[in-house]
Amino acid sequence: MAKILLTGATGYIGKKLLEQLLTERSETLLVPVRAGSAEELEKRKADLLKDVPTAQHARVEIVHSDLTNLVENLQAQRNDINIIIHNAAKTAFNVDEATANSVNRDGSLALLKFASELPKLGTFTYVSTLYASGMAAGPIKEEFFSSPVFANHYERSKWEVEEAIRTQFTNLPWRIARVATIIADGDSGTVIQHNAIHNTLKLFYYGLISLLPGRAETPIHLVDGEFTAKSLAAVVNKGQSQKIYHVCYDQAASIPLGRFIDIAFEEFNKDEMFKSRRLLKPLFADEKSFDTLVTNMKGFGGSVLNQGLASISPFGRQLFVKKEVSNQALQSLLPGYKTAAMEDIVRKTCQHLAQTKFTKGGA
């Protein structure tokens, strides 16, 4: 029986992609789940399947494993796997070097080697990030990048896997899907999972930050979760081998950082709690000034501000870099593709965050 291996299915995008694949394909989905005990495994399994129709539960086969021992735990399945989608990773921009190396890089390389030895493998999709481009400015094409400089270990570890695919796994039927930063679950602006963007807005909303790194004119490239899951499924189902796809909207949907902050300020000002504080919009600071702020705040260990800055600062250098992202290869897989009304999505996202007071998964 043919099976699809989907790593990272317990994460935000992984869950959405799992549901998409169960709808669009007929194979059994092999899903590794990390857990420290049998009780935790059952809990995580239940959480994974809670939004999956009961009739589809039998098509989800759980493998108790994390990335470090996944290959060992998949040996009994090696003759059944025909598709691999490697979505698991530590995606925080502030991931430490050792974790980025062991999980994002070495775990991926072990899975690529395992894939290269499978007798029936049809496709291997590696879920990467637009920021595998590092600090590169200008046109960001759906091509490999050559030796960029990186703002953090997350970007670097994702690029190193792409580079290994290019140089070491030339015979593998790979495809790479580079995902942009996710702002919301869909057009409604509902936020299920927070990332550096939401952490930045949270500091702004609570008046904890008066400086932001970046330039007002820097375009930021955002995407929503529904578009991401559908695009990833399209890459798996219709993509070409040894081709790169940017899972993002086109450049016309990018939004300047200054406009993004203006919209957030307008929407937050409709909230009585925010309005009562009489806050001013944060100013944009150069890299040196923002680094000084981060350094000085480290003495306040454990504070909300310090935690927020720890999330923002590893990504802050990107907010000075003007990238022109293209997605023509992805568009070729999506009949009727339409760019996003990103200002409207950002506006609704800020409304949702203010209404829920940044509660994760708040409705």
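Which element gives the largest share of the lining of the second largest pocket? In this predicted model, α7 does, with seven residues. Local features need pLDDT of at least 70, side-chain atom pairs count only at pLDDT 80 or more, and totals for chains, interfaces and linings use all residues. Residues are numbered from 1 along each chain as its sequence is written, and side-chain values use heavy atoms, without hydrogens and water.

**View 1. The second largest pocket and its lining.** A pocket is an open set of points on a 1 Å grid over the protein atoms alone, with protein on both sides within 12 Å along at least five of seven lines; lining residues have an atom within 4 Å of a point. The space is about 450 Å³, where a volume is the space filled by probe spheres set on the points, joined across faces, edges and corners. Of the 23 lining residues, E226, F227, K230, Y249 and L334 lie nearest the centre. α1 (12-24), α7 (225-238) and α13 (342-356) each give two or more residues; helices are DSSP runs (H or I, at least four residues), numbered from the N terminus.

**View 2. The largest cavity.** A cavity is a set of grid points where a 1.4 Å probe fits but cannot get out. This one has a volume of about 140 Å³. Its lining holds 13 residues, with A196, I197, T200, L257 and L319 nearest the centre. α6 gives the most, four residues.

**View 3. The second largest cavity.** Its volume is about 60 Å³. Among the lining residues are Y131, H221, F315 and K323.
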